[in-house]
Amino acid sequence: METVEVLDCRGQRCPLPVIRLARRLPEVAVGTVLRVLADDPAAANDIPAWCRMRGQEFVGPTAVGDTPAYDVRRTT
């Protein structure tokens, strides 16, 4: 079973969700999926772009209830 941790960034405007993702991801084990809850529409572009720049895997968008969420797997 895949490990999924959650980072709640609801109510925060970009780039804060990306900054929090960048700080939190090194704290999880390689292979772990970090689910970022972010209701700022800019997160839909900013989080995948950050993953490309940092060599991390953007697993894809999802939702938790009505809240958009973005799954990121730590690869290094």
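Buried means under 20% relative accessible area, exposed over 50% and partly exposed in between, with a 1.4 Å probe and protein chains only. Helices (H or I, at least four residues) and strands (E, at least two) are DSSP runs, numbered from the N terminus. This is a predicted model, in which local features need pLDDT of at least 70 and side-chain atom pairs count only at pLDDT 80 or more, while totals for chains, interfaces and linings use all residues. Residues are numbered from 1 along each chain as its sequence is written, and side-chain values use heavy atoms, with hydrogens and water left out.

View 1. Helix 2 covers residues 43–54, 12 residues in total. From its first C-alpha to its last, helix 2 reaches 16 Å, close to the 16 Å expected at 1.5 Å a residue; the expected span is 1.5 Å times one less than the number of residues. The buried residues of helix 2 are A43, I47, P48, W50 and C51. They lie on the same side of helix 2 because they cover an arc of only 155° around the axis, the arc being that of the directions from the helix axis to the C-beta atoms. On the face turned away from this buried side, helix 2 carries the exposed residues N45, R52 and M53. A49, also in helix 2, counts as partly exposed, at 24% relative accessibility. After helix 2 comes G55, whose phi is positive, near 70°.

**View 2. What packs against helix 2.** Contact means heavy atoms within 4.5 Å. Which elements do the buried residues of helix 2 pack against? They are helix 1 (16–24), strand 2 (33–37), strand 3 (57–64) and strand 4 (67–73).

**View 3. Helix 1 against helix 2.** The axes of helix 1 and helix 2 come within 9 Å and cross at roughly 35°. Axes here are lines fitted to C-alpha atoms, for helices over the stretch in contact, and angles run from 0 to 180 degrees between N-to-C directions. The crossing of helix 1 past helix 2 is right-handed; a crossing is right-handed if the near helix is turned clockwise from the far one by less than a right angle, and left-handed if anticlockwise. Helix 1 contributes V18, L21 and A22, which meet D46, I47 and W50 of helix 2. The residues of this contact divide into 5 nonpolar, no polar and 1 charged. In this division Ala, Val, Leu, Ile, Met, Phe, Trp, Tyr, Cys and Pro count as nonpolar, Asp, Glu, Lys and Arg as charged, and the others, Gly among them, as polar. V18 and A49 are 31 residues apart in sequence, and their C-alpha atoms are 9.7 Å apart in space.

View 4. In helix 1, P17, V18 and L21 are buried. They share one side of helix 1 because their arc around the axis is only 100°. The cover over the buried residues of helix 1 includes strand 1 (4–8), strand 2, helix 2 and strand 4. P15 is in the loop between strand 1 and helix 1, and the peptide bond from C14 to P15 is cis, with omega near 20°.

**View 5. V33 in strand 2.** V33 belongs to strand 2 and is buried, with a relative accessible area of 2%. Not counting residues up to four places away in sequence, V33 touches E2, T3, V4, E5, V59, D71, V72 and R73. Between the C-alpha atoms of V33 and Y70, 37 residues apart along the chain, the separation is 9.7 Å.

View 6. R10 lies in the loop between strand 1 and helix 1 and is partly exposed, at 45% relative accessible area. Residues up to four places away in sequence aside, R10 touches L37, D39 and T67. T67 is in strand 4 and counts as buried, at 13% relative accessibility. Its contacts, leaving aside neighbours within four places in sequence, are R10, L37, A38 and T62. P68, also in strand 4, is partly exposed, with a relative accessible area of 30%. With the neighbours within four places in sequence left aside, P68 is in contact with V36, L37, A38, D39, T62 and A63. P68 and D39 are 29 residues apart in sequence and 5.8 Å apart in space, C-alpha to C-alpha.
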